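Here's a quick report on how two chains meet in a model. Have a look at the structure first, then read on.

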Amino acid sequence: MAFNVKALPKKNYIMPGNAACPGCPENIGLKFVSMALGEKATLVVPAGCTSVIQGLWPRQGTSMPVLNIVFAAAASAASGLSRALRIRGKDDIVVVWAGDGGTADIGLQALSGAAERGEDFIYICVDNEAYMNTGIQRSSLTPHGAWTTTTHRGNPGRKKPLPQIVAAHRVPYVATASIGYPWDFISKLKKAASIKGFKYIHLHAPCPVGWRFDPGLTVKIAQLAVETGAWILYEYENGKLRLNPPSNKLVDPSKRKPLEEYIKLQGRFRHLTDKDLEELKKEIEENWREITAILRAQGDL
Amino acid sequence: MRRLGSRKQRKSRLRGEMVLAGSSPSRKDVLVVEPGDHFYPLSVAAPGSMGRTGSWRTQRPVVNAEKCIGCYMCWLYCPDNTIIMREKAGPRGQDVASIDYEYCKGCGICANVCPVNAIEMVDESKFISQS
(Lines give C-alpha, C1' and ligand atoms only; values in the text may rest on other atoms or scores of the structure.)
Protein backbone atom coordinates (compact mmCIF):
# COMPACT_ATOMS: atom_id res chain seq x y z
CA MET A 1 0.00 0.00 0.00
CA ALA A 2 1.33 3.37 -0.97
CA PHE A 3 2.01 5.55 2.02
CA ASN A 4 2.67 9.26 1.63
CA VAL A 5 3.98 10.70 4.87
CA LYS A 6 3.52 14.27 3.65
CA ALA A 7 -0.18 13.66 3.05
CA LEU A 8 -0.79 12.87 6.73
CA PRO A 9 -2.73 15.51 8.68
CA LYS A 10 -0.44 18.21 10.06
CA LYS A 11 -2.68 19.10 12.99
CA ASN A 12 -1.29 18.30 16.43
CA TYR A 13 -3.57 16.15 18.54
CA ILE A 14 -0.80 15.18 20.96
CA MET A 15 0.31 18.34 22.68
CA PRO A 16 4.02 19.01 23.16
CA GLY A 17 5.09 19.10 26.78
CA ASN A 18 2.78 16.41 28.12
CA ALA A 19 3.60 14.09 31.00
CA ALA A 20 4.95 11.13 28.99
CA CYS A 21 8.52 9.96 29.61
CA PRO A 22 11.08 10.82 26.91
CA GLY A 23 10.80 8.31 24.06
CA CYS A 24 7.34 7.11 25.11
CA PRO A 25 5.80 4.61 22.66
CA GLU A 26 2.23 5.35 23.83
CA ASN A 27 2.60 8.95 22.68
CA ILE A 28 3.77 7.73 19.26
CA GLY A 29 0.86 5.30 19.07
CA LEU A 30 -1.71 7.92 20.11
CA LYS A 31 -0.28 10.22 17.48
CA PHE A 32 -0.91 7.60 14.79
CA VAL A 33 -4.46 7.04 16.10
CA SER A 34 -5.15 10.76 15.76
CA MET A 35 -3.56 10.83 12.30
CA ALA A 36 -5.76 7.93 11.15
CA LEU A 37 -9.07 8.88 12.78
CA GLY A 38 -8.73 12.62 13.45
CA GLU A 39 -11.77 14.39 14.85
CA LYS A 40 -13.85 11.20 14.79
CA ALA A 41 -12.01 9.44 17.62
CA THR A 42 -13.30 9.34 21.19
CA LEU A 43 -10.91 7.66 23.60
CA VAL A 44 -11.89 5.39 26.47
CA VAL A 45 -8.88 5.04 28.75
CA PRO A 46 -8.67 2.68 31.73
CA ALA A 47 -5.96 3.25 34.34
CA GLY A 48 -2.52 3.25 32.76
CA CYS A 49 0.21 5.51 31.47
CA THR A 50 -2.23 7.31 29.18
CA SER A 51 -4.24 8.48 32.20
CA VAL A 52 -1.07 10.32 33.19
CA ILE A 53 -0.15 11.54 29.71
CA GLN A 54 -3.49 13.39 29.51
CA GLY A 55 -2.06 15.78 32.06
CA LEU A 56 -3.55 17.71 34.95
CA TRP A 57 -6.23 20.37 34.90
CA PRO A 58 -6.32 23.02 33.38
CA ARG A 59 -4.30 21.72 30.46
CA GLN A 60 -4.81 18.46 28.60
CA GLY A 61 -1.99 16.58 26.88
CA THR A 62 -4.16 15.17 24.07
CA SER A 63 -6.84 16.99 22.14
CA MET A 64 -9.11 13.98 21.72
CA PRO A 65 -12.15 13.60 23.99
CA VAL A 66 -11.36 11.11 26.75
CA LEU A 67 -13.50 9.01 29.07
CA ASN A 68 -11.47 7.77 32.01
CA ILE A 69 -12.77 4.56 33.46
CA VAL A 70 -11.73 1.83 35.90
CA PHE A 71 -9.53 -1.05 34.74
CA ALA A 72 -12.20 -3.73 34.53
CA ALA A 73 -14.81 -1.67 32.68
CA ALA A 74 -13.05 -0.22 29.62
CA ALA A 75 -14.83 -2.42 27.07
CA SER A 76 -18.23 -2.19 28.83
CA ALA A 77 -18.01 1.63 29.06
CA ALA A 78 -17.08 1.80 25.37
CA SER A 79 -20.07 -0.44 24.53
CA GLY A 80 -22.44 1.99 26.22
CA LEU A 81 -20.75 5.04 24.71
CA SER A 82 -20.84 3.58 21.21
CA ARG A 83 -24.52 2.57 21.52
CA ALA A 84 -25.47 6.03 22.84
CA LEU A 85 -23.65 7.70 19.95
CA ARG A 86 -25.41 5.48 17.39
CA ILE A 87 -28.83 6.22 18.97
CA ARG A 88 -28.08 9.93 18.63
CA GLY A 89 -27.19 9.35 14.99
CA LYS A 90 -23.49 10.11 15.31
CA ASP A 91 -20.80 8.14 13.51
CA ASP A 92 -17.96 8.95 15.92
CA ILE A 93 -15.50 6.12 16.46
CA VAL A 94 -15.07 4.95 20.02
CA VAL A 95 -11.50 3.78 20.63
CA VAL A 96 -10.49 1.94 23.77
CA TRP A 97 -6.85 2.67 24.50
CA ALA A 98 -5.85 0.16 27.17
CA GLY A 99 -2.53 -1.18 28.36
CA ASP A 100 -1.60 -4.84 28.41
CA GLY A 101 -2.57 -5.25 32.07
CA GLY A 102 -5.90 -3.54 31.48
CA THR A 103 -6.56 -5.86 28.54
CA ALA A 104 -5.07 -9.27 29.22
CA ASP A 105 -5.47 -9.42 33.01
CA ILE A 106 -8.06 -7.11 34.53
CA GLY A 107 -10.14 -6.07 31.53
CA LEU A 108 -10.33 -9.45 29.82
CA GLN A 109 -13.89 -10.39 30.84
CA ALA A 110 -15.31 -7.03 29.70
CA LEU A 111 -13.34 -7.36 26.45
CA SER A 112 -14.62 -10.88 25.89
CA GLY A 113 -18.19 -9.80 26.67
CA ALA A 114 -18.08 -6.87 24.26
CA ALA A 115 -16.55 -9.06 21.54
CA GLU A 116 -19.23 -11.68 22.04
CA ARG A 117 -22.02 -9.08 21.85
CA GLY A 118 -20.43 -7.59 18.72
CA GLU A 119 -20.28 -3.99 19.99
CA ASP A 120 -19.21 -1.37 17.48
CA PHE A 121 -15.87 0.07 18.60
CA ILE A 122 -12.11 -0.34 18.16
CA TYR A 123 -10.20 -1.87 21.05
CA ILE A 124 -6.48 -1.09 20.98
CA CYS A 125 -4.25 -2.95 23.41
CA VAL A 126 -0.98 -1.06 23.86
CA ASP A 127 1.33 -3.91 24.75
CA ASN A 128 4.41 -2.70 26.60
CA GLU A 129 4.67 -6.13 28.23
CA ALA A 130 4.28 -5.18 31.94
CA TYR A 131 2.41 -2.79 34.26
CA MET A 132 4.68 0.16 33.46
CA ASN A 133 2.61 2.88 35.08
CA THR A 134 2.68 1.35 38.57
CA GLY A 135 6.35 0.35 38.45
CA ILE A 136 7.07 -2.45 35.96
CA GLN A 137 5.19 -5.38 37.52
CA ARG A 138 4.76 -8.56 35.51
CA SER A 139 1.57 -8.92 33.48
CA SER A 140 0.32 -11.94 31.58
CA LEU A 141 1.74 -10.41 28.39
CA THR A 142 5.32 -10.30 29.73
CA PRO A 143 7.51 -12.59 27.57
CA HIS A 144 9.43 -15.53 28.98
CA GLY A 145 12.61 -14.62 30.83
CA ALA A 146 11.98 -10.88 31.06
CA TRP A 147 12.98 -9.07 34.23
CA THR A 148 10.27 -7.08 36.03
CA THR A 149 10.10 -5.78 39.60
CA THR A 150 8.02 -8.82 40.54
CA THR A 151 10.08 -11.37 38.58
CA HIS A 152 13.69 -10.65 39.52
CA ARG A 153 15.02 -13.88 38.02
CA GLY A 154 13.04 -13.56 34.82
CA ASN A 155 9.41 -14.28 34.05
CA PRO A 156 8.81 -18.03 34.40
CA GLY A 157 5.59 -17.95 32.35
CA ARG A 158 5.07 -17.08 28.73
CA LYS A 159 3.14 -14.46 26.80
CA LYS A 160 -0.61 -14.97 26.54
CA PRO A 161 -1.68 -15.27 22.86
CA LEU A 162 -4.23 -12.47 23.21
CA PRO A 163 -4.88 -11.63 19.51
CA GLN A 164 -5.73 -15.31 18.91
CA ILE A 165 -7.99 -15.35 21.99
CA VAL A 166 -9.95 -12.38 20.63
CA ALA A 167 -9.94 -13.85 17.10
CA ALA A 168 -11.51 -17.01 18.54
CA HIS A 169 -14.58 -14.85 19.37
CA ARG A 170 -15.16 -14.72 15.58
CA VAL A 171 -15.08 -10.89 15.51
CA PRO A 172 -14.87 -9.17 12.10
CA TYR A 173 -11.39 -7.70 12.53
CA VAL A 174 -8.34 -8.57 14.64
CA ALA A 175 -4.88 -7.26 13.85
CA THR A 176 -1.45 -6.88 15.36
CA ALA A 177 0.58 -3.72 14.77
CA SER A 178 3.81 -2.10 15.91
CA ILE A 179 4.71 1.51 16.60
CA GLY A 180 7.78 0.96 14.38
CA TYR A 181 5.53 0.53 11.31
CA PRO A 182 3.15 3.53 11.23
CA TRP A 183 2.05 2.91 7.63
CA ASP A 184 0.86 -0.56 8.65
CA PHE A 185 -0.82 0.67 11.86
CA ILE A 186 -2.55 3.65 10.22
CA SER A 187 -3.91 1.55 7.34
CA LYS A 188 -5.17 -1.04 9.84
CA LEU A 189 -6.90 1.68 11.88
CA LYS A 190 -8.55 3.09 8.77
CA LYS A 191 -9.68 -0.39 7.75
CA ALA A 192 -11.01 -1.06 11.28
CA ALA A 193 -12.89 2.25 11.25
CA SER A 194 -14.65 1.26 8.03
CA ILE A 195 -15.87 -2.09 9.47
CA LYS A 196 -18.97 -2.35 11.66
CA GLY A 197 -18.67 -4.52 14.74
CA PHE A 198 -15.97 -5.32 17.25
CA LYS A 199 -12.44 -4.54 16.08
CA TYR A 200 -9.28 -5.40 18.00
CA ILE A 201 -5.75 -4.14 17.34
CA HIS A 202 -2.81 -5.34 19.41
CA LEU A 203 -0.10 -2.66 19.30
CA HIS A 204 3.45 -3.62 20.24
CA ALA A 205 5.03 -0.70 22.13
CA PRO A 206 8.58 -1.01 23.54
CA CYS A 207 8.86 0.99 26.76
CA PRO A 208 12.33 2.48 27.41
CA VAL A 209 11.78 2.71 31.17
CA GLY A 210 10.48 -0.80 31.76
CA TRP A 211 12.55 -2.61 29.16
CA ARG A 212 15.72 -0.80 30.24
CA PHE A 213 17.00 0.65 26.98
CA ASP A 214 18.02 4.05 25.69
CA PRO A 215 14.90 6.18 24.96
CA GLY A 216 16.24 7.02 21.50
CA LEU A 217 15.95 3.36 20.48
CA THR A 218 12.16 2.98 20.97
CA VAL A 219 11.40 2.88 17.25
CA LYS A 220 14.47 0.80 16.38
CA ILE A 221 13.58 -1.86 18.98
CA ALA A 222 9.98 -1.98 17.74
CA GLN A 223 11.27 -2.58 14.21
CA LEU A 224 13.82 -5.15 15.41
CA ALA A 225 11.06 -7.08 17.21
CA VAL A 226 9.32 -7.52 13.86
CA GLU A 227 12.49 -8.13 11.84
CA THR A 228 13.70 -10.86 14.22
CA GLY A 229 10.28 -12.51 14.20
CA ALA A 230 9.64 -11.93 17.93
CA TRP A 231 6.53 -9.92 17.01
CA ILE A 232 4.44 -10.96 14.01
CA LEU A 233 2.32 -8.50 12.02
CA TYR A 234 -0.89 -10.13 10.83
CA GLU A 235 -4.60 -9.50 10.54
CA TYR A 236 -7.71 -11.64 10.74
CA GLU A 237 -10.37 -10.21 8.47
CA ASN A 238 -13.65 -12.11 8.78
CA GLY A 239 -11.78 -15.12 10.09
CA LYS A 240 -9.22 -15.14 7.27
CA LEU A 241 -5.61 -14.75 8.37
CA ARG A 242 -3.12 -12.70 6.38
CA LEU A 243 0.49 -11.78 7.16
CA ASN A 244 1.42 -8.15 6.58
CA PRO A 245 4.74 -6.81 5.37
CA PRO A 246 7.46 -7.15 6.53
CA SER A 247 6.34 -10.29 8.44
CA ASN A 248 5.06 -11.98 5.26
CA LYS A 249 8.67 -12.34 4.06
CA LEU A 250 9.84 -13.81 7.38
CA VAL A 251 8.04 -17.17 7.30
CA ASP A 252 11.39 -18.75 6.43
CA PRO A 253 13.49 -18.52 9.66
CA SER A 254 16.71 -17.91 7.68
CA LYS A 255 15.31 -14.56 6.45
CA ARG A 256 14.91 -13.27 10.01
CA LYS A 257 17.58 -11.30 11.84
CA PRO A 258 19.13 -13.20 14.78
CA LEU A 259 17.04 -12.82 17.95
CA GLU A 260 20.15 -11.72 19.88
CA GLU A 261 20.14 -8.36 18.06
CA TYR A 262 16.76 -7.59 19.67
CA ILE A 263 17.54 -9.12 23.08
CA LYS A 264 21.00 -7.57 23.58
CA LEU A 265 19.68 -4.00 23.44
CA GLN A 266 17.33 -4.53 26.38
CA GLY A 267 18.40 -4.46 30.02
CA ARG A 268 15.44 -6.61 31.06
CA PHE A 269 17.01 -9.61 29.26
CA ARG A 270 20.54 -8.96 30.55
CA HIS A 271 20.55 -11.94 32.92
CA LEU A 272 19.40 -14.44 30.26
CA THR A 273 21.40 -17.67 30.10
CA ASP A 274 21.77 -19.63 26.88
CA LYS A 275 19.10 -22.03 28.15
CA ASP A 276 16.59 -19.18 28.67
CA LEU A 277 17.41 -17.83 25.23
CA GLU A 278 16.71 -21.25 23.70
CA GLU A 279 13.37 -21.30 25.56
CA LEU A 280 12.51 -17.85 24.16
CA LYS A 281 13.49 -18.92 20.63
CA LYS A 282 11.34 -22.05 21.01
CA GLU A 283 8.36 -19.91 22.07
CA ILE A 284 8.77 -17.63 19.03
CA GLU A 285 9.15 -20.66 16.76
CA GLU A 286 5.91 -22.11 18.17
CA ASN A 287 4.08 -18.85 17.46
CA TRP A 288 5.29 -18.94 13.87
CA ARG A 289 4.34 -22.63 13.55
CA GLU A 290 0.77 -21.82 14.65
CA ILE A 291 0.50 -18.95 12.15
CA THR A 292 1.92 -20.95 9.26
CA ALA A 293 -0.35 -23.91 10.10
CA ILE A 294 -3.43 -21.64 9.78
CA LEU A 295 -2.07 -20.16 6.53
CA ARG A 296 -1.47 -23.68 5.14
CA ALA A 297 -4.99 -24.74 6.13
CA GLN A 298 -6.33 -21.71 4.25
CA GLY A 299 -4.23 -22.64 1.24
CA ASP A 300 -2.22 -19.40 1.34
CA LEU A 301 1.18 -20.94 1.89
CA MET B 1 -9.99 37.68 43.70
CA ARG B 2 -8.15 39.36 40.88
CA ARG B 3 -10.08 39.60 37.60
CA LEU B 4 -8.14 37.66 35.04
CA GLY B 5 -7.54 38.44 31.39
CA SER B 6 -9.27 40.86 29.07
CA ARG B 7 -13.04 41.23 28.77
CA LYS B 8 -12.95 39.10 25.58
CA GLN B 9 -11.02 36.33 27.31
CA ARG B 10 -13.44 36.28 30.25
CA LYS B 11 -16.37 36.00 27.86
CA SER B 12 -14.82 33.11 25.97
CA ARG B 13 -14.22 31.37 29.27
CA LEU B 14 -17.93 31.68 30.02
CA ARG B 15 -18.57 29.70 26.85
CA GLY B 16 -16.39 26.90 28.24
CA GLU B 17 -13.25 27.79 26.30
CA MET B 18 -10.15 28.45 28.29
CA VAL B 19 -7.92 31.26 27.21
CA LEU B 20 -4.63 31.38 28.97
CA ALA B 21 -3.88 34.87 30.16
CA GLY B 22 -0.82 36.06 28.29
CA SER B 23 1.62 33.60 26.78
CA SER B 24 3.31 32.64 30.01
CA PRO B 25 2.52 29.05 30.99
CA SER B 26 3.05 29.67 34.70
CA ARG B 27 0.49 27.91 36.86
CA LYS B 28 -0.64 30.94 38.85
CA ASP B 29 -2.06 32.62 35.77
CA VAL B 30 -4.45 29.84 34.97
CA LEU B 31 -5.33 28.34 38.32
CA VAL B 32 -7.27 31.39 39.53
CA VAL B 33 -10.93 30.46 39.53
CA GLU B 34 -13.47 33.23 39.78
CA PRO B 35 -17.18 32.83 40.41
CA GLY B 36 -18.87 33.24 37.06
CA ASP B 37 -15.72 32.50 35.13
CA HIS B 38 -15.69 28.73 35.46
CA PHE B 39 -18.80 26.69 36.00
CA TYR B 40 -16.90 23.42 36.02
CA PRO B 41 -13.23 22.50 35.85
CA LEU B 42 -12.69 21.97 32.17
CA SER B 43 -9.35 20.88 30.76
CA VAL B 44 -8.35 22.32 27.44
CA ALA B 45 -5.77 20.81 25.12
CA ALA B 46 -2.76 23.08 25.26
CA PRO B 47 1.00 22.66 24.99
CA GLY B 48 2.86 22.28 28.22
CA SER B 49 0.40 20.35 30.39
CA MET B 50 3.47 19.27 32.36
CA GLY B 51 5.29 22.59 32.15
CA ARG B 52 8.31 23.34 30.00
CA THR B 53 9.46 19.78 29.43
CA GLY B 54 12.53 21.04 27.58
CA SER B 55 14.17 21.24 31.00
CA TRP B 56 14.11 17.40 31.19
CA ARG B 57 16.58 17.24 28.34
CA THR B 58 20.16 16.05 28.87
CA GLN B 59 21.05 15.88 25.18
CA ARG B 60 19.91 18.35 22.57
CA PRO B 61 19.09 17.31 19.00
CA VAL B 62 20.69 19.70 16.51
CA VAL B 63 19.52 19.66 12.88
CA ASN B 64 22.04 20.09 10.10
CA ALA B 65 19.96 21.88 7.43
CA GLU B 66 22.61 21.12 4.78
CA LYS B 67 22.16 17.37 5.25
CA CYS B 68 18.36 17.34 5.88
CA ILE B 69 16.42 15.91 2.92
CA GLY B 70 12.94 16.78 4.23
CA CYS B 71 11.73 13.16 4.42
CA TYR B 72 9.49 13.84 7.47
CA MET B 73 10.65 10.68 9.29
CA CYS B 74 11.58 12.57 12.48
CA TRP B 75 8.28 14.44 12.30
CA LEU B 76 6.43 11.14 11.95
CA TYR B 77 8.08 9.40 14.92
CA CYS B 78 8.62 12.29 17.38
CA PRO B 79 6.60 11.25 20.47
CA ASP B 80 6.00 14.83 21.55
CA ASN B 81 5.26 16.56 18.26
CA THR B 82 8.16 18.92 18.84
CA ILE B 83 9.51 18.63 15.28
CA ILE B 84 8.27 21.50 13.17
CA MET B 85 8.77 21.06 9.42
CA ARG B 86 9.62 24.36 7.72
CA GLU B 87 8.46 24.08 4.14
CA LYS B 88 10.99 24.90 1.42
CA ALA B 89 13.32 26.51 3.98
CA GLY B 90 16.41 24.43 3.25
CA PRO B 91 19.47 25.55 1.29
CA ARG B 92 18.37 23.40 -1.67
CA GLY B 93 14.73 24.44 -1.42
CA GLN B 94 13.78 21.27 0.48
CA ASP B 95 11.61 21.07 3.60
CA VAL B 96 13.72 21.23 6.74
CA ALA B 97 13.10 19.89 10.23
CA SER B 98 13.39 22.27 13.15
CA ILE B 99 12.89 21.52 16.81
CA ASP B 100 10.78 23.21 19.48
CA TYR B 101 13.40 23.27 22.27
CA GLU B 102 10.88 24.55 24.79
CA TYR B 103 9.15 21.14 24.92
CA CYS B 104 11.67 18.69 23.34
CA LYS B 105 12.47 16.06 25.99
CA GLY B 106 15.68 15.01 24.22
CA CYS B 107 14.82 11.32 23.79
CA GLY B 108 16.87 11.04 20.59
CA ILE B 109 14.33 9.12 18.49
CA CYS B 110 14.68 11.74 15.71
CA ALA B 111 18.45 11.23 15.53
CA ASN B 112 17.97 7.44 15.36
CA VAL B 113 15.32 7.40 12.63
CA CYS B 114 17.01 10.02 10.42
CA PRO B 115 18.11 8.18 7.24
CA VAL B 116 20.91 10.67 6.45
CA ASN B 117 22.14 11.36 10.02
CA ALA B 118 21.24 15.04 9.77
CA ILE B 119 20.29 15.22 13.45
CA GLU B 120 23.06 15.05 16.01
CA MET B 121 22.60 14.69 19.77
CA VAL B 122 24.80 17.24 21.53
CA ASP B 123 25.33 17.29 25.30
CA GLU B 124 23.19 19.98 26.90
CA SER B 125 26.21 21.13 28.96
CA LYS B 126 27.75 22.52 25.73
CA PHE B 127 25.00 25.13 25.60
CA ILE B 128 25.17 26.34 29.20
CA SER B 129 28.16 28.65 28.78
CA GLN B 130 26.61 30.34 25.74
CA SER B 131 23.38 31.44 27.38
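## Where chain A meets chain B

Gln60(A) stands opposite Ala45(B) in β1(B). That spot belongs to a parallel pairing: two bridges join β2(A) to strand β1 (residues 44-45) of chain B. Strands pair here if DSSP finds at least two bridges between them, and strands (E, at least two residues) and helices (H or I, at least four) are DSSP runs numbered from the N terminus.

A word on the ground rules: this is a predicted model, where local features need pLDDT of at least 70 and side-chain atom pairs count only at pLDDT 80 or more, while totals for chains, interfaces and linings use all residues. Residues are numbered from 1 along each chain as its sequence is written, chains are lettered from A in the order written, and side-chain values use heavy atoms, without hydrogens and water.

Here's the contact (heavy atoms within 4.5 Å) in figures:

| Item | Value |
|---|---|
| Residues from chain A | 44 residues |
| Residues from chain B | 39 residues |
| Buried area between chain A and chain B | about 3500 Å² |
| Share of that area from carbon and sulfur atoms | 62% |

Buried area is the accessible area (1.4 Å probe) that two parts lose on being put together, summed over both.

Now for α9(A): seven of its 10 residues are buried, so the helix is largely enclosed by the rest of the structure. Buried means under 20% relative accessible area (1.4 Å probe, protein chains only). Among these buried residues are Thr218(A), Ile221(A) and Leu224(A). Just after α9(A), Gly229(A) takes a positive phi of about 90°.

Note on methods:
Buried means under 20% relative accessible area, exposed over 50%, partly exposed in between (1.4 Å probe, protein chains only).
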